[in-house]
Amino acid sequence: RDINVADNDIRDAGLNALVEAILETEMDLLSLNVSHNHLTSAASPALCKVLEHCPLEELTLSKNRLQATGVLPMVAWIGLNETLAVLGLADNGIGKPAGQKLGAMLEANHVLEELDLSWNDLTGDDGEQLIRGLSLNRSVVS
């Protein structure tokens with residue numbers, strides 16, 4: 001129920017194949033680590049499917065190239081998710097306008113406990129909105 005394919009250069013096509021296999025087997029996936037796999041914003045639809053159909057407790061996407069365009073579609077699913085406790089988005093070049101959307105998601109989500117956004121360019125208004133969301137969130141502890 002845990003899959004770790006970190007640092008395997010699976011890229012977007014490999015992630016799509018992995019997600020299709022997970023969905024076909026109706027696996028109750030709890031943890032998915034696809035860090036450092038050169039994923040881009042094109043991986044976002046597959047990641048949204050996992051968030052929609054699996055009871056994930058941990059999702060690690062660090063050191064990819066998702067950028068804001070890849071993260072924004074996932075934010076709605078993360079905000080509605082009732083099981084995801086750990087989310088790693090470090091070093092994805094997120095930047096604008098994701099900080100505002102992540103801040104709004106944090107205001108609504110009361111399950112997420114750990115959030116890693118290090119090494120992203122979340123500054124200015126985006127940084128302020130993210131901090132506002134964190135200040136209103138009562139579940140994130142690290």
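I take helices and strands as DSSP runs, helices of at least four residues and strands of at least two, numbered from the N terminus. The model I am looking at is predicted.

**Entry 1: layout**

I read the elements from the N terminus on, and they run β-α-β-α-β-α-β-α-β-α. That comes to five helices and five strands.

**Entry 2: overall form**

I looked up the extent of the chain next. Along the principal axes, its C-alpha atoms fill a box of roughly 40 × 25 × 20 Å. The radius of gyration is 14 Å, which agrees with the value near 14 Å for a compact globule of 142 residues.

I then checked the contacts between residues at least 6 apart in sequence. Of these, 88% join residues at least 24 apart.

**Entry 3: surface and charge**

Buried residues make up 46% of the 142 residues.

I also looked at charge. The chain has 9 positive and 21 negative charges. Their mean positions are 6 Å apart.

**Entry 4: the core**

In soluble globular proteins, nonpolar side chains tend to be buried together. I went looking for the largest nonpolar core here and found 38 residues in it. Leu32, Leu56, Leu66 and Met74 have the most contacts inside this core. The elements that give two or more residues to it are α1 (11-24), α2 (44-53), α3 (67-80) and α4 (98-108).

Leaving out residues up to four places away in sequence, Leu56 touches Leu29, Leu30, Ser31, Leu32, Val50, Leu51, Asn81, Thr83 and Leu84. Leu32, then, is among the partners of Leu56.

**Entry 5: Gly103**

Is Gly103 buried or exposed? Gly103 is in helix α4, and its relative accessible area is 0%, so I note it as buried. Beyond residues up to four places away in sequence, Gly103 touches Gln129, Leu130 and Gly133. I also took the distance from Gly103 to Leu134. They are 31 residues apart in sequence, yet their C-alpha atoms are 6.7 Å apart.

**Entry 6: the loop between β4 and α4**

Two residues of this loop went into my notes. Pro97 lies in the loop between β4 (86-88) and α4. The peptide bond from Lys96 to Pro97 is cis, with omega near -10°.

Ala90 is found in the loop between β4 and α4. At 8% relative accessibility, Ala90 falls under the 20% limit and therefore counts as buried. Which residues does Ala90 touch, not counting residues up to four places away in sequence? I list Ser62, Lys63, Asp116, Leu117, Ser118 and Asn120.

**Entry 7: positive phi**

Asp7 has a phi of about 60°. Asp7 sits in the loop between β1 (2-4) and α1. Its relative accessibility is 55%, so Asp7 counts as exposed. I noted the separation of Asp7 and Ala90 too: 83 residues along the chain, and 14 Å between C-alpha atoms.

Gln67 has a positive phi of about 55°, and it is not a glycine. Gln67 is found in helix α3. Is Gln67 exposed or partly exposed? I get 44% relative accessibility, so Gln67 counts as partly exposed. The cut-off for exposed is over 50%.

Notes:
Residues numbered from 1 in each chain as written. Predicted model: local features only at pLDDT ≥ 70, side-chain atom pairs only at ≥ 80, totals over all residues. Heavy atoms only, no water. Core = buried A, V, L, I, M, F, W, Y, C linked by side-chain atoms within 4.5 Å. Buried < 20%, exposed > 50% of the residue type's maximum accessible area, 1.4 Å probe, protein only. Contact = heavy atoms within 4.5 Å. Rg over C-alpha atoms; globule rule 2.2 N^0.38 Å. Lys, Arg positive; Asp, Glu negative; His and termini not counted. Charge placed at Lys NZ, Arg CZ, Asp CG, Glu CD.
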